[in-house]
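The questions below ask what lies behind the labels given to parts of this structure. Each answer sets a value against its cut-off.

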Amino acid sequence: MNEKLKHKFYISTDKSKLDIQIIHNFLQTSYWAENILLALVEKSIKNSLCFGLYEGNQQVGFARVITDYATSALLKDVFILEPYRGQGLGKWFVEYILEYPELQDVQR
C-alpha cells in the first residue's frame, strides 16, 4: 500500500470507536458467523482485544484477537468492507495486528 493512501486511514484499539452495527451486519452474512446474534457479537468484542480500521470517522475494517497475552492469541473476524478492498488495507491491517506490542511476548 502506498504511503499516501496509508495516511488516509488509521487503526485503533479503542472499543468506544467501534461501530457495532457495521460489525454485526458484516458478520451475520459471513460464512463463519452467519446469522450470529447481536448479543454474541457484543460479548465477543467485550472479551477480546479489538482493532478497528477507519477512514476519518467511518469504520471500514475490523479484527479481534482472543488472547491471554501470555500463551495464546487467536486472530478472528477479520474483514475490510467491500468498497475498500483491493488497496492493500487488509495486508497492512493484519501486519499491524501481528506486530502489536502487547502481543509480542505471546508464545506462538
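**Salt bridges**

Asp77 forms a salt bridge with Arg64, with 2.6 Å between the closest N and O atoms. The model is a predicted one.

Q: What makes the contact of Asp77 with Arg64 a salt bridge?
A: A salt bridge needs a side-chain nitrogen of Lys or Arg within 4 Å of a carboxyl oxygen of Asp or Glu. The closest N and O atoms of Asp77 and Arg64 are 2.6 Å apart, so the pair meets the definition.

Q: Which parts of the chain does this pair tie together?
A: Asp77 lies in strand E4 and Arg64 in strand E3, so the pair ties together parts that are 13 residues apart in sequence.

Q: How many salt bridges does a search of the whole structure find?
A: The search finds three salt bridges. One of them joins the side chains of Lys8 and Glu55, at 3.2 Å from N to O. This pair links distant parts of the chain: Lys8 is in the loop between helix H1 (3-6) and E1, Glu55 is in strand E2, and 47 residues separate them.

Q: Why is the pair of Tyr10 and Tyr54 called stacked?
A: Ring centres must lie within 6.5 Å, and planes under 30 degrees apart count as stacked. The rings of Tyr10 and Tyr54 have centres 5.2 Å apart and planes at 25°, so the pair is stacked. Tyr10 lies in strand E1 (residues 10-12) and Tyr54 in strand E2 (residues 49-55), so the pair ties together parts that are 44 residues apart in sequence.

Q: What is the accessibility of Tyr54, and what of Tyr10?
A: Tyr54 counts as buried, at 1% relative accessibility, whereas Tyr10 is partly exposed, with a relative accessible area of 31%.

Q: What makes the pair of Phe62 and Phe79 tilted?
A: The distance is 6.0 Å centre to centre, with 40° between the planes. Stacked needs planes under 30 degrees apart and edge-to-face over 60, so the rest are tilted. Phe62 lies in strand E3 (residues 58-67) and Phe79 in strand E4 (residues 73-80), so the pair ties together parts that are 17 residues apart in sequence. Phe62 counts as buried at 0% relative accessibility, and Phe79 is buried with a relative accessible area of 3%.

Q: Which residues do ring pairs link into a cluster?
A: Ring pairs link Phe26, Tyr31, Trp32, Phe62 and Phe79 into a cluster.

Q: Why are E1 and E4 called edge strands?
A: In the open sheet, the four strands have the order E1-E2-E3-E4, with antiparallel pairing. E1 and E4 each pair on one side only.

Q: How do you know that E2 and E3 pair?
A: Pairing takes at least two bridges between two strands, and seven bridges join E2 to E3. The bridge partner of Tyr54 in E3 is Gln59.

Q: What puts the buried residues Leu89, Trp92, Phe93 and Ile97 of helix H4 (residues 89-98) on the same side?
A: These buried residues of H4 cover an arc of only 135° around the axis, which puts them on the same side of H4. An α-helix has 3.6 residues a turn, so residues three or four places apart point the same way.

Terms used
Residues numbered from 1 in each chain as written. Predicted model: local features only at pLDDT ≥ 70, side-chain atom pairs only at ≥ 80, totals over all residues. Heavy atoms only, no water. Helix = DSSP H or I, 4+ residues; strand = E, 2+ residues; numbered from the N terminus. Buried < 20%, exposed > 50% of the residue type's maximum accessible area, 1.4 Å probe, protein only. Arc of directions from axis to C-beta.
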